[in-house]
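Here's a quick briefing to read with the model open beside you. Take a look at the fold before going through the points.

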Amino acid sequence: MTHMAWSERWLALLNQLGYEPHLRRGRSYARRGQVKALEVQMGRITAQVDDRDLGLCEIEILTNRLTDAQWQQVMDALSRQAIYVAQLLAGDMPTNIDELFQQAGVNLLPGGHYDMEIRCNQCQSSGQPCKHTAAVLYLLGQMLDDDPWLLFRLRGRDRQQVLQALRQRRSDNEDMLPAAAGQQTQHPTIGSLGNAADQSMPLSAQLENFWGSSKKLSNLHHHIAPPAIKLALLRRLGHPPFPTDSLDAYEQLARTYQRVTEDALGLAYAPIPDEE
Ligand SMILES: [Zn+2]
C-alpha cells in the first residue's frame with residue numbers, strides 16, 4: 001500500500017514508461033510557465049507549449065476511456081468497499097483506489113504506451129513524448145495533488161458522475177434492506193403479540209395478567225428464518241480492510257454466518273425432547 005502523493009506516483013509512472021529523457025526538460029518548461037491553456041477533458045488533454053525557437057506547439061494527449069460496461073464493473077467493485085465509498089462521498093480520494101480498477105480488470109493510471117496517444121504538432125511522433133508533451137505530462141502530474149479526479153476524467157467519467165452513481169447504488173441498497181425487514185414483520189413476533197385491545201385497557205384492569213401473557217403459551221408462534229438477503233451486512237461492508245495472511249477473512253466470516261444460520265434453524269425446529 002502506497003502513500004505517495006499523486007504527483008509522485010504520476011512521475012514514477014512516466015519514468016517507468018521510459019519518458020525520462022525529455023522529462024527534465026519538460027519540467028523546466030512547466031516551471032517557467034511555458035505550458036498554456038492546459039485542459040483535461042474526457043479521455044483527452046490539450047495544451048499549448050511556448051517554445052522560444054518553434055513558437056507555439058499544439059499538444060494533444062489521448063487516453064483510453066473505459067467502456068460503460070467497464071465503468072459498471074469499477075462501480076460494482078467500488079460499492080462493495082464501504083470505506084472507499086464513504087471517503088469518496090466525503091470528498092477524499094483513497095490513495096490506492098487504482099487497485100479497485102485493477103480488480104475490475106482495467107487501469108486508472110496509464111498502464112503503458114498503448115494507454116496514451118501523444119501528439120505535438122511541431123515534433124515527429126516516435127512513441128516517445130517530445131519535451132513539449134513531457135512538459136504537459138509533468139504539469140498534469142502536479143495538478144493531480146489538488147484534483148485527483150482528473151484521472152477519472154481521463155478514463156471518461158467526471159467527479160459528479162462517479163459520486164452520483166455511488167449515491168444511486170447506496171440508495172438502491174437501502175431500499176433493499178428495509179424491504180427484507182418488512183417481509184419478516186408479516187410473521188407473528190413477540191412484539192406483535194399484545195393486540196390493540198390489550199394496550200388500550202387501563203392498567204388497573206390488567207393487574208392479574210400483568211406479569212403473564214394474554215395468550216396461552218401454546219398459541220405463541222415464532223418465526224425463525226434465514227435472512228431474506230444472504231449475508232447482507234457482509235456484502236455491504238465488503239472485504240475487511242485489515243490484511244490476512246493465511247485465510248480470507250471475508251470467506252471465513254461468510255462461512256461462519258452461514259453456519260450460525262443453519263445451527264439456529266436446526267435448534268429452532270428440532271423436535272422437542274420428551275419431558276417424561
Ligand atoms: Zn513537441
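Predicted model: local features only at pLDDT ≥ 70, side-chain atom pairs only at ≥ 80, totals over all residues.

Residues are numbered from 1 along each chain as its sequence is written. Helices (H or I, at least four residues) and strands (E, at least two) are DSSP runs, numbered from the N terminus.

**Helix 3 and its buried side**

- W71, V74, L78 and S79 are the buried residues to look at in helix 3. They cover an arc of only 125° around the axis, so they sit on the same side of helix 3.
- That arc is taken over the directions from the helix axis to the C-beta atoms. Buried means 20 or more other C-beta atoms within 10 Å of the residue's own, exposed means 12 or fewer, and partly exposed is in between, with C-beta atoms placed from the backbone.
- As background, an α-helix has 3.6 residues a turn, so residues three or four places apart point the same way.

- Four strands make an open sheet in the order 1-2-3-4, with antiparallel pairing. Strand 1 and strand 4 (116-120) are at the edges with a single partner strand each, so one side of each has no neighbour in the sheet. On average, neighbouring strands of this sheet are turned by 15° against each other, direction ignored.
- Strands count as paired if DSSP finds at least two bridges between them.
- Strand 1 and strand 2 (residues 44-51) run antiparallel and are joined by five bridges, with E39 opposite T46 of strand 2. Two residues lie between the strands of this hairpin, and G43 has a positive phi near 70° there.
- Strand 2 and strand 3 (residues 55-63) pair antiparallel over eight bridges and form a hairpin with three residues between them. Q48 faces E58 in strand 3, while T46 has E60 as its bridge partner in strand 3.
- Strand 3 and strand 4 also pair in the antiparallel sense, over five bridges. Here E60 stands opposite R119 of strand 4, and I59 is opposite C120 of strand 4.

- A37 is in strand 1 (residues 35-41), and its phi is near 50°, a positive value in a residue other than glycine. For context, most residues other than glycine have a negative phi.
- A37 is exposed, because it has 11 other C-beta atoms within 10 Å.

**How helix 2 meets helix 6**

- Helix 2 (residues 20-31) packs against helix 6 (residues 131-146) at about 65°, with the axes 7 Å apart. Axes are lines fitted to C-alpha atoms, for helices over the stretch in contact, and angles run from 0 to 180 degrees between N-to-C directions.
- Helix 2 and helix 6 are therefore roughly perpendicular to each other (65 to 115 degrees; under 35 is roughly parallel, over 145 roughly antiparallel, and the rest oblique).
- Their crossing is right-handed, which means the near helix is turned clockwise from the far one by less than a right angle.

**Contacts across the sequence**

- W6 belongs to helix 1 (residues 6-16) and counts as buried because it has 20 C-beta neighbours inside 10 Å. W6 and D146 are 140 residues apart in sequence, yet 9.0 Å apart C-alpha to C-alpha.
- R235 lies in helix 10 (residues 232-237) and is partly exposed, with 15 other C-beta atoms within 10 Å. Its C-alpha atom is 9.2 Å from that of A254, 19 residues apart along the chain.
- R255 is in helix 11 (residues 249-268) and is exposed, with 11 other C-beta atoms within 10 Å. The C-alpha atoms of R255 and L231 are separated by 9.8 Å, for residues 24 apart along the chain.
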